[in-house]
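Thanks for passing this one along; here are my notes, in the order I would read them with the structure open beside me.

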Amino acid sequence: MSTNGSKKGNPFRSIGEIVTYRDYSLLWFGQSVSQIGDAITAIAVPLVVYNLTHSILNLTASFVVQAIPWIAFGPFAGVVVDRINRRHVLILSDLLRALAIGLIFLAHTVVVIYLLTFLSQILATVFAPARSSVIPALVPRHVYVRAISLSQASYQIVQFLGPLIASGIIAATGTPRVAVLADCVSFCIATLATVLTKIPPAAARVTKGDEEDKPSFFAAFTEGAAFLWKNKTLRFATNINVLKSLIQSAVLVGCVLYVKLDMALAANVADRVYGLVVSAMGVGMAVGALMIGTSMAGI
C-alpha cells in the first residue's frame, strides 16, 4: 500500500516509469520538440506577415488561417485517420509540415504564407488523432493515463517555452524568419523520432476486414457531423472552442499592434517583446490549468 501511495504521490517517479517505454518516449520526445516548433511559428508567422505588409487586416488573417482548420476540420480528422495506416500518417504529416514551414521561411508573399500555414494546420489536425490512437499500443494499460497526462503536461510547458525560445531567436538574429526555420528543423527531428518508433502493426494499420465493416468516408463524415450537431455537450464544447479561438486571436492581434505601434520600439525589439508577452500568457494558462485541476481534485 505504501509503495503504491508513494508512486501516486511522486510525479517524478511516475514520469521515470513512463519514459522507460522506449517507443512511447521516442514518440513523446518527437512530438514535444515539434510542439515547441509550432509555438515558435505561432509567434513568428504573424510577425513576418505584419513586417511584410504593415496591415492590420493581414495580421488578423494570419491568426485566422491558423485557427480555421482546427475549428472546421479538427472534429472530423479521425474519420480520415481511421482509414489510413497511422504510421504513414505520422511520418508523412511531419515531413509535409517540415516542407510547408520551410517554404514559409522562403516566401515573401502573404497569400503564399497563408496557404502554407493553412496546409500545415490541416496536417496537424490529422496528426493529432493518429498519435493519440497509437499511444495505447506503446504503453501497458496501467500507465496509459499517466502517459496521456505527461503529454498534456508537456503541451502546457510548451505554451510558454516556445514563445520564450522564439523571443531568444529573434533577439539573436534580428528577424522572425529564422524562428520559422527552427520549426522546420523541429519537424525533421520529430520525423526521425517517429521513424525510430516501433508501432505494432495492429495499431498502425486498418485491416482489410475492418475496412469492409466500416461505412464509406462520406457516410462516416455525415454521421459524425450529425452526431456533433445533435449532442448538446459536444456542440457546446465546439462552440466554446470557436469562441476561445476568436478571443485568443483578438488578444494576440492587440498584443502585436500594441508592441509594434504604441510602445514605439525598434522592429526587432518589438518582435522580441511580443514573444515574451505570449510566453507570459502561456505561464498564466499553465498556472490556471493547475489551479483548476487542484480545485477539481478536492471536489
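**Notes on the fold and its helix packing**

1. Let me begin with the contacts along the chain. Among those with a separation of 6 or more, 83% join residues 24 or more positions apart. Please keep in mind throughout that this is a predicted model.

2. Next, the overall make-up. The secondary structure amounts to 14 helices and zero strands, and the pattern read along the sequence is α-α-α-α-α-α-α-α-α-α-α-α-α-α. The chain has 299 residues, of which 39% count as buried.

3. Which way do helix 3 and helix 9 run relative to each other? The axes of helix 3 (residues 22-53) and helix 9 (residues 177-196) come within 7 Å, crossing at roughly 160°. An angle over 145 degrees counts as roughly antiparallel, so helix 3 and helix 9 are roughly antiparallel to each other. Their crossing is left-handed. By class, the residues of this contact are 17 nonpolar, six polar and five charged.

4. Serine 34 is found in helix 3 and counts as buried, because its relative accessibility is 0%. A polar atom of the serine 34 side chain lies 2.9 Å from the backbone oxygen of glutamine 31. Leaving aside residues up to four places away in sequence, serine 34 touches Asp183, Ser186, Phe187 and Ala190.

5. Helix 9 also packs with helix 6 (residues 86-106), at an angle of about 165° and with the axes 8 Å apart. Helix 6 is therefore roughly antiparallel to helix 9. Here, too, the crossing is left-handed. On the helix 6 side, the contact includes Leu90, Ile91, Leu95, Ala98, Ile101 and Phe105, and on the helix 9 side it includes Val180, Leu181, Cys184, Phe187 and Thr191. Sorted by class, the contact of helix 6 with helix 9 has 16 nonpolar, three polar and five charged residues.

6. Now for helix 3 and helix 7. Their axes come within 12 Å and cross at roughly 160°, which makes helix 3 roughly antiparallel to helix 7. The crossing of helix 3 and helix 7 is left-handed. Helix 3 contributes Leu27, Trp28, Gln31, Val45, Val48, Val49, Leu52 and Thr53, while helix 7 contributes Val110, Ile113, Tyr114, Thr117, Phe127, Arg131 and Val134. These residues divide into 11 nonpolar, three polar and one charged.

7. Is threonine 125 buried or exposed? Threonine 125 sits in helix 7 (residues 110-134) and is buried, because its relative accessible area is 1%. The side chain of threonine 125 has a polar atom 2.6 Å from the backbone oxygen of isoleucine 122.

8. Histidine 54 deserves a look at its backbone. Most residues other than glycine have a negative phi. The phi of histidine 54, however, is near 55°, a positive value in a residue other than glycine. Histidine 54 is found in the loop between helix 3 and helix 4 (56-73), and it counts as exposed because its relative accessible area is 57%.

9. Which residues does leucine 257 touch, not counting those up to four places away in sequence? They are Tyr50, Ile56, Leu59 and Asp262. Leucine 257 is found in helix 13 and counts as buried, because its relative accessibility is 16%. The C-alpha atoms of leucine 257 and alanine 270, 13 residues apart along the chain, are separated by 9.6 Å.

10. Lastly, glycine 254 is also placed in helix 13 (residues 232-262). Glycine 254 counts as partly exposed, because its relative accessibility is 34%.

Definitions and conventions: Residues are numbered from 1 along each chain as its sequence is written. This is a predicted model: local features need pLDDT of at least 70, side-chain atom pairs count only at pLDDT 80 or more; totals for chains, interfaces and linings use all residues. Side-chain values use heavy atoms; hydrogens and water are left out. Axes are lines fitted to C-alpha atoms, for helices over the stretch in contact, and angles run from 0 to 180 degrees between N-to-C directions. Helices (H or I, at least four residues) and strands (E, at least two) are DSSP runs, numbered from the N terminus. Angles under 35 degrees count as roughly parallel, over 145 as roughly antiparallel, 65 to 115 as roughly perpendicular and the rest as oblique. A crossing is left-handed if the near helix is turned anticlockwise from the far one by less than a right angle, and right-handed if clockwise. Ala, Val, Leu, Ile, Met, Phe, Trp, Tyr, Cys and Pro count as nonpolar, Asp, Glu, Lys and Arg as charged, and the others, Gly among them, as polar. Buried means under 20% relative accessible area, exposed over 50%, partly exposed in between (1.4 Å probe, protein chains only). A polar contact is a pair of N or O atoms within 3.5 Å; within protein, one must be able to donate a hydrogen and the other to accept it, and residues adjacent in sequence count only if both atoms are side-chain atoms. Contact means heavy atoms within 4.5 Å.
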